[in-house]
Amino acid sequence: MSEEGPNMLTGRKTALSENMLFGMGNPLLDISAVVDKDFLDKFGLKPNDQILAEDRHKALFEEIVKRNKVEYHAGGSTQNSVKIAQWMLQKPHKVATFFGCIGKDRFGEILKKKAEEAHVDAHYYEQNEEPTGTCAACITGDNRSLVANLAAANCYKKEKHLDLDSNWELVKKAKVYYIAGFFLTVSPESILKVARHASDKNKIFCMNLSAPFISQFFKEPLMKVMPYVDILFGNETEAATFAKELGFETDDIAEIAKKTQNLPKENTKRQRVVVFTQGKDDTVATVGDRVTMFPVLDIDQNDIVDTNGAGDAFVGGFLSALVQEHALEECIRAGHYAANVIIRRVGCTFPEKPDYH
């Protein structure tokens, strides 16, 4: 990044090439529908939340699909972000690589097709024990409650996929790595292998706090990876939960960012960057030793169609600028642009080309 911020890469601009950005996570087919409060109450859901499906949610998936207007989109947090990064970059195709596990079924075929359409170089581990994972997005007004049924996504195996020479070669080609915290519930050993590689080779490893339940129930694997994290993303709720779990004793978001930046770090050549989004409020980021506020783009409340995917979009925009070695300020600007586009549409979808300069 530039003089103002830590110099994240060499400062030399390198031409974009295939597989420069690597993502690994839970590929899910998003099933979104507008529901009412009764529907949320029936399944004990909060209007704005993300949880993993339990037995009591089985019927939810059947019921939501029966609704007259359901939309299917290729999803899963990390896959969304790399897809948006690729969209922002446009050319060359396949700058972004994605690893994750799917089932050998119709939903798996849809995911493969959608990844191809998005020009992402997806290499899925395909198995037939479990069906392809799904995520029900229950939309009420501008709130969205996400219920993920990981299914196949949960079956990712390091030794059966990541460790294969041909796949590891793709990992080695990357300069920037991004894995959402959600994948800590699936394969922390895969995350550590990638994170250590990035640290050893002085490349950039990014992670996301993803959801409050990650800091609460997967704190141990999260803190094992934290020393390797060069850039950490999260939103205000996730940041607050993380701070509480770590005993920071503050609910001031700038203070939380600072304390998170100062957690132990393996690769001392790079100062950790912490970026917390707060919906329509300013994005908070550590710039060198300071914490700076970056206002988001103005949007008329009436133009907001669906905030589902806004966080993933922000990260995708950010990564598209990061992989081009832009300054932190520019990465955040690109993130704000992408999020602003996504919230005007249903699901994590985008127009054919970005209008971004």
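## Helix packing and buried residues in a predicted model

In helix H6, the residues Asn-167, Trp-168, Leu-170 and Val-171 are buried, where buried means under 20% relative accessible area, exposed over 50% and partly exposed in between (1.4 Å probe, protein chains only). Because these residues cover an arc of only 150 degrees around the axis, they lie on the same side of H6; the arc is that of the directions from the helix axis to the C-beta atoms. The exposed residues Asp-165 and Ser-166 are carried by the face of H6 turned away from its buried side.

This is a predicted model, in which local features need pLDDT of at least 70 and side-chain atom pairs count only at pLDDT 80 or more, while totals for chains, interfaces and linings use all residues. Residues are numbered from 1 along each chain as its sequence is written, and side-chain values use heavy atoms, with hydrogens and water left out. Helices (H or I, at least four residues) and strands (E, at least two) are DSSP runs, numbered from the N terminus.

The buried residues of H6 pack against strands E1 (21–24), E5 (96–103), E6 (121–127) and E9 (176–180), and against helices H5 (158–162) and H7. Contact here means heavy atoms within 4.5 Å.

### Helix pairs

Axes are lines fitted to C-alpha atoms, for helices over the stretch in contact, and angles run from 0 to 180 degrees between N-to-C directions.

| Helix pair | Axis separation | Angle |
|---|---|---|
| H6 (165–173) and H7 (188–200) | within 10 Å | roughly 45 degrees |
| H3 (77–89) and H12 (310–322) | within 7 Å | roughly 45 degrees |
| H10 (236–245) and H11 (253–261) | 10 Å | about 60 degrees |

Angles under 35 degrees count as roughly parallel, over 145 as roughly antiparallel, 65 to 115 as roughly perpendicular and the rest as oblique. H6 and H7 are therefore oblique to each other, and their crossing is right-handed. A crossing is left-handed if the near helix is turned anticlockwise from the far one by less than a right angle, and right-handed if clockwise. Trp-168, Val-171 and Lys-172 of H6 meet Lys-193, Val-194 and His-197 of H7. By class, this contact of H6 with H7 has three nonpolar, one polar and two charged residues. In this classification Ala, Val, Leu, Ile, Met, Phe, Trp, Tyr, Cys and Pro count as nonpolar, Asp, Glu, Lys and Arg as charged, and the others, Gly among them, as polar.

H3 and H12 are likewise oblique, and they cross in a right-handed sense. Residues making the contact include Ile-84, Met-88 and Leu-89 of H3 and Val-315, Gly-316 and Leu-319 of H12. The contact of H3 with H12 comprises seven nonpolar, six polar and one charged residues.

H10 and H11 are also oblique to each other, but H10 passes H11 in a left-handed crossing. Glu-236, Ala-239, Ala-240, Phe-242 and Ala-243 of H10 contact Ile-253, Ile-256 and Thr-260 of H11. Six of these residues are nonpolar, one is polar and one is charged.

### Two buried residues

Asn-26 is located in the loop between E1 and strand E2 (28–34) and counts as buried at 8% relative accessibility. Residues up to four places away in sequence aside, Asn-26 touches Gly-75, Gly-76, Phe-98, Leu-150, Ala-153, Phe-182, Phe-183 and Val-186.

Ala-148 belongs to strand E8 (residues 143–149) and is buried, with a relative accessible area of 12%. Beyond its neighbours within four places in sequence, Ala-148 contacts Leu-28, Ile-51, Leu-52, Ala-53, Phe-61, Thr-134 and Cys-135.
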